[in-house]
Protein chains: 2
Amino acid sequence: MNALDLTFGALADQTRRAMVQHLLSGEMTISALAEPHAMTLSGALKHIRVLKKAGLVRSEKRGRTVWCRLDPEPLRQVMDWVSHYDAFWNSQLDALSAHLMNESEGQS
Amino acid sequence: MNALDLTFGALADQTRRAMVQHLLSGEMTISALAEPHAMTLSGALKHIRVLKKAGLVRSEKRGRTVWCRLDPEPLRQVMDWVSHYDAFWNSQLDALSAHLMNESEGQS
DNA sequence: AAAATACTTGACCATTTGGTCAAGTGTTTC
DNA sequence: GAAACACTTGACCAAATGGTCAAGTATTTT
């Protein structure tokens, strides 16, 4: 599996996207990250592992607690991939407006 | 499953991303879309169904052939979601450069 | 030293995913 | 009307996903 597969896959889940969003407010522990979600710690841990495998989350152990933080790089790669379609959807909009212009020609 | 789940999930696969990319060049039939990939038509069809379920691909039957085209809307939603992190990674870069500035203070 | 905290690991389970093959349907083409 | 074409569907399979629970480890706290 390549990087984009892992990143898109990690983001294809509500729980994990919420975790990413939650991490925007800064570093937090595994338990803090898990707490808002209606599942066991073990369950949440699996999600965190998916995020780490995708490189979206980095962690560091201090004493008995593990602190997690966002790594924005994979998100940037997603951004880059999706950006390629900018031109496409702009041209789609152009096509649409051209179509509408054309439609209105016959009128009045 | 919500729209983002489906879209991110659909894009979490090399074959499907290649199909999306391929569709940039315009409308194409199921078989044309399937042909570049080392799998049976049935296999490719499953991927196309995933893309359709995510709303990334729309299709229309003309005679015995089915023509597929891209719908950019779900990509736009992905773009929107990821864009929220712009501010974050910019601030990360800021933090990094501040850190580097700080490091270099002790020198020379 | 015992207890509580903060994970971590492994076994298990149901469902989904990504692929196969074989047979079926509807539309051209000959 | 028969054959070829372009899908479509359904049965099957192995592996991955998303969850559970129970037991284990390492680090504080008391």
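In what order do the strands of the open sheet in chain B run, and is their pairing parallel or antiparallel? The order is S1-S3-S2, with antiparallel pairing across the 3 strands. Keep in mind that this is a predicted model. Here are my notes, point by point.

1. Starting with the chain B sheet, the edge positions go to strand S1 (28-29) and strand S2 (57-62), each of which has a single partner strand, so one side of each has no neighbour in the sheet. S2(B) and S3(B) are joined by 6 bridges in the antiparallel sense. One pairing to look at is Arg58(B), which sits opposite Arg69(B) in S3(B).

2. Val66(B) is a handy residue for getting your bearings in this sheet. Val66(B) belongs to strand S3 of chain B. Is Val66(B) buried, or is it partly exposed? Val66(B) counts as partly exposed because 16 other C-beta atoms lie within 10 Å, while a buried residue needs 20 or more. Setting aside neighbours within four places in sequence, the contacts of Val66(B) are Thr29(B), Ile30(B), Ser59(B) and Lys61(B). Val66(B) and Met28(B) are separated by 38 residues in sequence, yet their C-alpha atoms are 8.1 Å apart.

3. Now over to chain A, for the overall layout. Chain A has 6 helices and 3 strands, and along the sequence they come as α-α-β-α-α-β-β-α-α. Of its 108 residues, 24% count as buried. Among contacts in chain A with a separation of 6 or more, 54% are between residues 24 or more positions apart.

4. The sheet of chain A is open, with 3 strands in the order S1-S3-S2 and antiparallel pairing. Its edge strands are S1 (28-29) and S2, each pairing on one side only. S1(A) is tied to S3(A) by 2 bridges, running antiparallel, and Met28(A) has Cys68(A) as its bridge partner in S3(A). On the other pairing, strand S2 (residues 57-62) of chain A and S3(A) share 6 antiparallel bridges, with Lys61(A) partnered by Val66(A).

5. The turn in chain A deserves a look in the viewer. S2(A) and S3(A) make a hairpin with 2 residues between them, and Gly63(A) in that turn has a positive phi of about 65°. Gly63(A) is also listed among the closest residues to DNA strand D.

6. How are the two protein copies related? Chain B superposes on chain A through a rotation of 180° with 0.0 Å of shift along the axis, at an RMSD of 0.0 Å. The copies are therefore related as by a two-fold rotation axis. Both use the same surface, as 100% of the contact residues of chain B recur in chain A.

7. What does that contact consist of? Chain B puts in 22 residues and chain A puts in 22 residues. On the side of chain B that touches chain A, the elements giving two or more residues are helix H1 (3-11), helix H2 (14-22), helix H5 (73-83) and helix H6 (86-105) of chain B.

8. On to the core. In soluble globular proteins, nonpolar side chains tend to be buried together. Here the largest nonpolar core has 42 residues, and Leu51(A) and Leu51(B) have the most contacts inside it. Beyond its neighbours within four places in sequence, Leu51(A) touches Ala10(A), Arg16(A), Met19(A), Leu56(A) and Val57(A).

9. DNA strand D is surrounded by 22 residues, the closest being Ser42(A), Gly43(A), Gly63(A), Ile30(B) and Ser31(B). Which element gives the most to this surface? H4(A) does, with 5 residues. The elements that each supply at least two residues are helix H4 (41-53) of chain A, plus helix H3 (30-34), helix H4 (41-53) and strand S3 (65-70) of chain B. By type, this surface has 6 nonpolar, 11 polar and 5 charged residues.

10. DNA strand C also has 22 residues around it, and here the closest are Thr29(A), Ile30(A), Ser42(B), Gly43(B) and Gly63(B). Two or more residues each come from helix H3 (30-34), H4 and strand S3 (65-70) of chain A, and from H4 of chain B. H4(B) gives the most, with 5 residues.

Notes:
Residues numbered from 1 in each chain as written. Chains lettered and ligands numbered in written order. Predicted model: local features only at pLDDT ≥ 70, side-chain atom pairs only at ≥ 80, totals over all residues. Near = placed C-beta within 6 Å. Helix = DSSP H or I, 4+ residues; strand = E, 2+ residues; numbered from the N terminus. Nonpolar A, V, L, I, M, F, W, Y, C, P; charged D, E, K, R; others polar. Contact = placed C-beta atoms within 7 Å. Least-squares fit on C-alpha atoms with pLDDT ≥ 70 in both. Pairing = 2+ DSSP bridges. Buried ≥ 20, exposed ≤ 12 C-beta atoms within 10 Å, placed from the backbone. Core = buried A, V, L, I, M, F, W, Y, C linked by C-beta atoms within 7 Å.
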